[in-house]
Every structure is written in C-alpha cells, then in structure tokens.
Amino acid sequence: YTGKTGFELITEKIKKFHVQDFMQIPIVVKEEVSVYDAISTMFLEDIGTLFVVNEDSCLTGVLSRKDLLRASIGQQDLNSIAVHIIMTRMPNITVCRKEDLILDVAQKLINKQIDGLPVVKDTNAGLAVIGRVTKTTITKAFVELTKENHV
Ligand code: ADP
C-alpha cells in the first residue's frame, strides 16, 4: 500500500497522458482555398476546426465552424473569397507540442475558449502541423482514466 490518496493517484494518472498518445490527424487547407471549399472539406472530413498552411506547409491560420458561418451570412460569393481573409491568423494561434501534457492542453482550451489546438513541430520554414487535439480528444482521455491499462 502506497499511502496515496485517491486524489494523488488520479493526478498521477492524468500527468502520464501526453499529446502524442491521444492526438488525431490534422486536416489542413491552403491559404488560397475558397471559403466554399473549406466548408466542403469540413463536412467531408467530419471535423470542426481546419488548420490553414502556406506553400511551405507551415501553419498560418485556423478556421472554426463559426468563422465559416460568419463569412457565409455576408453578401460575398463564397467561391471568390479565400480563407486567409477570414481565418484567425498567426501569431495569435494557440498551439501545443507532442511532448505536452493533455492536462495543459485542456487548460489552454478553457482559458482561450476554443475547441481545439494544432500540434506543431518547429522547422526552418516555420511551424509544421503534425496533429490536432480537440475537446473530443480530452473526452477520450477522460474515459481512458477509468481503464486498468491505459496508454
Ligand atoms: P467556434 O467559433 O466554431 O465556436 P472555436 O471556439 O474553436 O469554434 O473558435 C472560436 C474562435 O477562435 C474562432 O474565431 C477561431 O478561428 C479561433 N480559434 C480556434 N482555435 C484556435 C486556436 N488554436 N488558436 C487561436 N484561435 C483559435
């Protein structure tokens, strides 16, 4: 018997959960893609947040469902407006890295009131997008806490 409280045990377990164990595949679009095509991609990929990249495949922006809805209720032709016009752009993007704790990502989602973060890796050209962590990811990690042999 270790003498640890339930609180200590659960905290210990949560602190073993890292981004790389739970992250999902990122769906990215290029900056020049139209809002119309981004909406199509969001439906086809069944995803709530798209990441926008430049020619070097480096992160330049984020598109949420509401960003696309906002653009859609205007008068513009959705085929003629590029996503870089409406996206949330760097350097205002909250990111995480694969070594980060899931707990720290969850805290960022709460603090920034957002649904997801890109998992990035530093390259000479900028930040490469290697994954995605969303509220769904956090939900999966939460359920994993109840399992005997988690990741
Ligand atoms: P929605 O707007 O569909 O409710 P979010 O809450 O995730 O989805 O997004 C809210 C706003 O924050 C949007 O304008 C979106 O572009 C932006 N956003 C989403 N994710 C991030 C992020 N990781 N970093 C910075 N801004 C983000």
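**Stop 1: the open sheet.** Select β1, β2, β3 and β4. These 4 strands form an open sheet, in the order β1-β2-β3-β4. The pairing is mixed. Now color the edges: β1 (28–30) and β4 (88–89). Each has a single partner strand, so one side of each is left without a neighbour in the sheet. Keep in mind that this is a predicted model.

**Stop 2: inside the sheet.** Select residues 49–53 for β2 and residues 59–64 for β3. The two strands run antiparallel, and 5 bridges join them. For one of the pairs, pick Val53; its bridge partner in β3 is Leu59.

**Stop 3: the ligand.** Which residues are closest to the ligand? Show Ser64, Arg65, Lys66, Thr88 and Asp115. They belong to a set of 15 residues that surround the ligand. β3, α4 and β5 are the elements that give two or more residues to this shell. Helix α4 gives the most, with 3 residues. Color the shell by residue class: 4 are nonpolar, 7 polar and 4 charged.

Stop 4: Move to β5, residues 116–123, and β6, residues 126–134. How many bridges join β5 to β6? There are 8, and the strands run antiparallel. A hairpin of 2 residues links β5 to β6. Pick Leu117 and look across to β6: Val133 stands opposite.

**Stop 5: the annotated spans.** UniProt, in an unreviewed entry, places the feature "domain: CBS" at residues 22–78 and 87–148. Select residues 22–78: the span is 35% helix and 25% strand. Its end C-alpha atoms lie 34 Å apart. Then select residues 87–148, where the chain is 34% helix and 31% strand. Here the end C-alpha atoms are 42 Å apart.

**Stop 6: confidence.** Color by pLDDT. The protein averages 95, and 97% of the residues score at least 70. For the complex, the predictor gives an ipTM of 0.96 and a pTM of 0.94.

Key. Residues are numbered from 1 along each chain as its sequence is written. This is a predicted model: local features need pLDDT of at least 70, side-chain atom pairs count only at pLDDT 80 or more; totals for chains, interfaces and linings use all residues. Two strands pair if DSSP finds at least two bridges between them. UniProt positions are given in the numbering used here, feature names are shortened, and annotations may be inferred rather than shown by experiment. pLDDT is the predictor's confidence in each residue, from 0 to 100. A residue is near a molecule or strand if its C-beta atom, placed from the backbone, lies within 6 Å of it. Ala, Val, Leu, Ile, Met, Phe, Trp, Tyr, Cys and Pro count as nonpolar, Asp, Glu, Lys and Arg as charged, and the others, Gly among them, as polar.
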